[in-house]
Amino acid sequence: MLSMTTVLCRQRRAAPPNRASSGLALLGIMSIALEVFAAGELPTYGVGRAPTQAEIAAWDLTIPPDGEGLPAGSGNVADGKTIFLERCASCHGDDGKDPKYYVLVGGRGTLATAKPVPTVGSFWQYATTLWSYIRRTKPLDEPGTFDSNQVYAVTAYLLHMNDIIAEDEVLDAERLLKIEMPNRDGYVPDPRPDA
Amino acid sequence: MSSSDDSSNDTSADRRRFLKQGTMLGAALAAGQLSSARAQTAPVDPSKILGNPVRPYGERSPFEKAVRIHKGKTDEVAVGGWTPLQDLHGIITPSALHYEVHRGGVPDIDPAKHRLLIHGLVDRPVVLDMDEIRRLPSVSRIHFLECQGNTFMEFHKPVSKNVQVSHGWTSCSEWTGVPLSVLLREVGVQSAATWLVAEGADASGNERSIPMEKAMDDVLVAYGQNGEAPRPENGYPLRLIVPGWTGNINVKWLRRIKVVDRPYQTRMDGTGQPAIGPDGKAWQHSSVMEAKSVITSPSAGQRLAGPGYVEIRGLAWSGRGVVRRVEVSTDGGESWADAVLQEPVLPYAHTRFRHEWQWGGRETVLQSRCTDETGYVQPRRVDLLAVRGPAARWFNNSIQSWKVAKDGVVHNVHA
């Protein structure tokens, strides 16, 4: 799909500008192509160039709560546990509760106490935030090198450890978006100035 | 060109003269040993000894020792370094002493390879290199940056040994760069766009959602800090400056801006730095750093030489604009007097204040409180705790108290 888009784009790029709109009408896919290749320099200042599809794809990794951009792939809790114990537990502890860096597991019911324990289970609002953050930054010693299946697996394990999904579940884009995080409604607008 | 040739000749002559004199002065003038040698001693009368050679990039006197203090080990993943406010003068923080907070180390970035990508809901997505960014219309503005964790340890107990640890996660620089609004207009932001996501090129995955209204208002894409490129710790070669807003949203090592139509709720948008109220509810998209001030001298860890004249000095700032007023109390908050605001008084910048005081030698407590252009008055700690509860942690902008003991030693106290 992506490579096909690229081919089409290259053809379109060579075509005269006045034919771009008819090309767009022919193929819905061309809306992406137009965004990539109709752009060039900043009009007033004459600097810059249009990004390639590959350049955008390499960096456009952040996933919003509605899941736009979530890639194909899947992972299960068991595989996630294996990866977590090998690549994550040295900092976060085997149970994900080591407070050295960030407690990942537990803390439910503590937010309104004098000592809240904000974790993935007790605090995080969206499962996509977790997925996106693991994808971009983990494992610590090789940031951003998990493939999509591994990211789904580690996410599945952390959600399971927080009693959000069952032990035998497989996580993919569709399942991820159906997850209602326990603290989904636990946020309010910043009340400041409050005193 | 002839004058340039002349100066070149002068330089050669100077160099020859220096080499000769350097030999006479001995090994102490060898560049590598200069600092350590002079750190210990200096001539009784420097006018009787030929001075040191010049150097291509300046360093402070070896007698100057102010440094950042880091919370945790310096090679930790998450590190914060406090600015030594008690040792500084004026409103500008030296770049080398600017506070720093990292969650993925400090990246090495070759500016020749660095790119800024702007894409998403725009008509003309673009990639710009650093040379191109520096050719665009530029502005310079003096702005503070403050971490929302600044002073967090002081909410419940007076634990910090000095003002550096209690308040040193604020700093102020002259930032130079391109107004983000210029870039956004050029790429053609589409009508549906309401937010953008800014991303750094480091390993921490610091992506932040910023509302379009702020982005189009006064945000800078900065490549200059105090006249030179930003230090690596402060985002070299490119960073966002979001005036008045919490430090973390001023994304360092900026490489990507995606224009979108809703917040992306990234880790650092909320879940990464929880501010939780007494009802257990977390604050969404906290941004503004409210008005705050602190006396930097006299402050904890310092000692007054004895009764008599003291110039009380400090800093005030507000994430909502200009500081209008600073008051100082020398009797633990019983009475207040207006301090002098040192020009320049700039929006979203540290403002220096001074207050003349005669210390009579008795134990007392010094405090400062500021009022910003909105009329907001810096609150007492107990007033903040009353609404935020026992788990209060971030955004502590309350009044700081320093106790001057009879022996002149200044202590961090809650009063």
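Modeller: Start with strands. Two strands pair if DSSP finds at least two bridges between them. This model is predicted.

Biologist: Which residue of β21(B) is the bridge partner of Val365(B)?

Modeller: Lys403(B) is that partner. The strands involved are β20(B), residues 364–372, and β21(B), residues 401–404. Their pairing is antiparallel, over 4 bridges.

Biologist: Which other strand of chain B pairs with β20(B) in the antiparallel sense over 6 bridges?

Modeller: Strand β16(B), residues 323–329. There, Val328(B) has Ser368(B) of β20(B) as its bridge partner.

Biologist: How should I think about side chains along a strand?

Modeller: In a regular strand they alternate between the two faces of the sheet.

Biologist: Now the interface. How many residues of each chain are in contact with the other chain?

Modeller: The contact involves 46 residues of chain A and 52 of chain B. On the chain A side, α4 (53–59), α7 (127–137) and β3 (187–189) each supply at least two residues. The largest share comes from α7(A), with 5 residues.

Biologist: How many residues on that side of chain A are nonpolar, polar and charged?

Modeller: The side of chain A that touches chain B has 29 nonpolar residues, 8 polar and 9 charged.

Note on methods. Residues numbered from 1 in each chain as written. Chains lettered and ligands numbered in written order. Predicted model: local features only at pLDDT ≥ 70, side-chain atom pairs only at ≥ 80, totals over all residues. Contact = placed C-beta atoms within 7 Å. Nonpolar A, V, L, I, M, F, W, Y, C, P; charged D, E, K, R; others polar.
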